[in-house]
Amino acid sequence: MAITTEGAAAVEKSAPVRRRAWPPLTLKLAVGLAVAGLIVLFGVLGPLLVGNPSTVRDIGLTAPGNGFLLGTTQSGQDVFAQLAYATRGSLIIGVVVGAITLLLSAFFGVVGAFVGGATDEAFSLFTNIMLVIPGLPLVIVISSYVPNKSIWLVAAVLAITSWAGSARVLRGFTLSVRSRDYVLAARIGGEKRWRILLVEILPNLIPLLASQVVFAVIFAILGEAGLSFLGLGASGSFTWGTMLFYAQNGLALRLGAWWWFAPPGLAIALFGAALSLINFSIDEIINPKLRSQTRAERNKWSVKA
Amino acid sequence: MRYLLRKLAFYVAALWAALTLNFLIPRLMPGNPVDLMLSKLATKGPVTPTTRDAIQALLGTDTSSSLWDQYWTYLHQLVKGDLGTSIAYFPAPVSQVIGQTLPWTVGLIGLATVISFAVGILLGRAAGWRRGSWVDSLIPVTTMLQSVPYFWLALLLLFLLGSTWPVFPLTGGYDVYSVTPGWSLPFVQSVLYHGALPALTIVISSIGGWMLGMRNMMVSTLSEDFVVTAEAKGLTPRRIRSRYVARNAILPSVSGFAISLGFVVAGSIVTEAVFTYPGIGSALLLAVNNNDYALMQAVFLIITLAVLGANLLVDLLYGVIDPRTRARS
């Protein structure tokens, strides 16, 4: 954050090799990356270290301790082991939905805006229609026809119903980049169209794409949790949502079994908050006005209310 | 005028897309919803030929008629307003079920969303106007609340404020035992009392987005040249804040409001599941659990229509508050 404009100019002169500045490591970004990283690590390594999450024991609803880090469920399953597998399941959903959303929104948003003309009109119409058709009811209707759903199907359905918002944001930004002078210069210079799109325009969109993907991951994990809570999630899989579904059905709250009900919800909240923090940092790159650093500058003429 | 026509044309296209989607989904999915529905209906009572025809028109038939003919029959059926018979609420027709449940959802979710929007915008305005003040430091807290799964938060609040300290009722839309529905004071009181906690949970979990969006737009708009000019002219800070900065900063939030309506309706399904509220979301879930495909498709259609209608309203309003939109098109 200490880099001023003059400093940045000096750095560029001395090190012309470095082309794109990485986001400054603020407290927000550091905390966000650390928390998200720990949860991802837990999801990747956790299932290797714990026992079978479905093993039934005759010690239902024991409080944390006595060899079970987070206690047991109604039927004596290890909550910690379940949490490890659930973390992995939810992360898979998040990653798959994030990837599909990235592809779809980049295709319909960026390519449409870049090509322009009738293609843009058609893509934009399609995007806007997908945007106004409510997602969750559509997901519920589709998933109620399919009796045995895999985790992949749930992810695909969530992605198909959620890419439109990102596409609209990307389209708006691409339109503004496309009409900048340097793109015109590249066009006059005889660069090929795909090269202008990939080399000249796309790098400018990377921060925006990143923030849209992060947003899609949060949305997917929350969406899957909601779907599972309604009993419409992937069958026979472990996610944070299915854990909450079983906890709710096992009357975990009523019986005071907070160790069963609280961890999945807190895990979602922590992961979501960490991703939001990362997103704030990306936002500050896209829109430097949002940086807290500019506050001092603004105060020079600030309106005293 | 051109703006209006363009908007209307778009919504006609969106309406057609929704109707077609609703037509295609049951036909493209595996399984045979018609047979399932008819056999379930038969266990509850005799199935009249008209009911059979209605269900076949809505969900697809295995007869040899072409998809195109089926599509026309389906549209014809919708225009007549015959949506088939519900299994879950047998023998009520689907349209009657929807008529009974829709007002609850619109009342609860609509009101809660408007409150959340208004309060969020006001708080966001204050936070962006004076960055670093106590209002500004609320932002991380509300953002944190947004990443908490809604139903989890709602269940916790329901448990705390319904069971542990019984301030609010646990379930339902009104007290079924002591009041009868109608425009009487006890009924209205009962409805408000039962709706307070669901509305509160919706406001808590959705206010953060409005606040953050408004705050960021305030911050961006504050550094525009016209704000400096306004200040140089010696206008009062209050006037600059509301007439100059907030007037421009609110525009993206208004168009965001239209988009969020879809999520609001989606959220209502979960809200109603948690609070056992007698709205259209509960009807959808009941339909799903009973394989009541006719009701399910109809609820999906109604929800989509409601969202489209609300979007159209917001779009028209947007044309009024931002004259540039009309000029551009």
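User: What percentage of the 329 residues in chain B is made up of buried residues?
Analyst: This is a predicted model. A residue counts as buried if 20 or more other C-beta atoms lie within 10 Å of its own. In chain B, which has 329 residues, the buried share is 43%.

User: How many helices does chain B have?
Analyst: Read along the sequence, the pattern of chain B is α after α. Strands number 0. The helix count is 14.

User: What does the C-alpha trace of chain B span along its principal axes?
Analyst: The span is taken along the principal axes of chain B. It comes to about 80 × 55 × 40 Å.

User: What share of the contacts in chain B with a separation of 6 or more comes from residues 24 or more positions apart?
Analyst: Start with the contacts in chain B that have a separation of 6 or more. Then keep those between residues 24 or more positions apart. They account for 70%.

User: Which element gives the most to the side of chain A that touches chain B?
Analyst: The contact takes 42 residues from chain A and 48 residues from chain B. On the chain A side, the elements that give two or more residues include α4, α9 and α11 of chain A. The top contributor gives 9 residues, and it is α5(A).

User: How do the residues on the side of chain A that touches chain B divide into nonpolar, polar and charged?
Analyst: Chain A brings 42 residues to the contact. Sorted by type, they are 28 nonpolar, 10 polar and 4 charged.

User: Why is A:S179 called exposed?
Analyst: A:S179 sits in the loop between α7 and α8 of chain A. A:S179 is exposed because its count within 10 Å is 9.

User: How far apart in space are A:S179 and A:L202, C-alpha to C-alpha?
Analyst: In sequence, A:S179 and A:L202 are 23 residues apart. In space, C-alpha to C-alpha, the distance is 14 Å.

User: Which element gives the largest share of the largest nonpolar core?
Analyst: The largest nonpolar core has 141 residues. Among the members that touch the most others are A:V217, A:I221 and B:L295. The largest share of this core is 16 residues, and it comes from α9(A).

User: How many residues are in the other core, with B:I121 and B:A246 among them?
Analyst: This core lies apart from the largest one. B:L123 and B:I139 also belong to it. Its residue count is 22.

Technical notes: Residues numbered from 1 in each chain as written. Chains lettered and ligands numbered in written order. Predicted model: local features only at pLDDT ≥ 70, side-chain atom pairs only at ≥ 80, totals over all residues. Contact = placed C-beta atoms within 7 Å. Helix = DSSP H or I, 4+ residues; strand = E, 2+ residues; numbered from the N terminus. Nonpolar A, V, L, I, M, F, W, Y, C, P; charged D, E, K, R; others polar. Buried ≥ 20, exposed ≤ 12 C-beta atoms within 10 Å, placed from the backbone. Core = buried A, V, L, I, M, F, W, Y, C linked by C-beta atoms within 7 Å.
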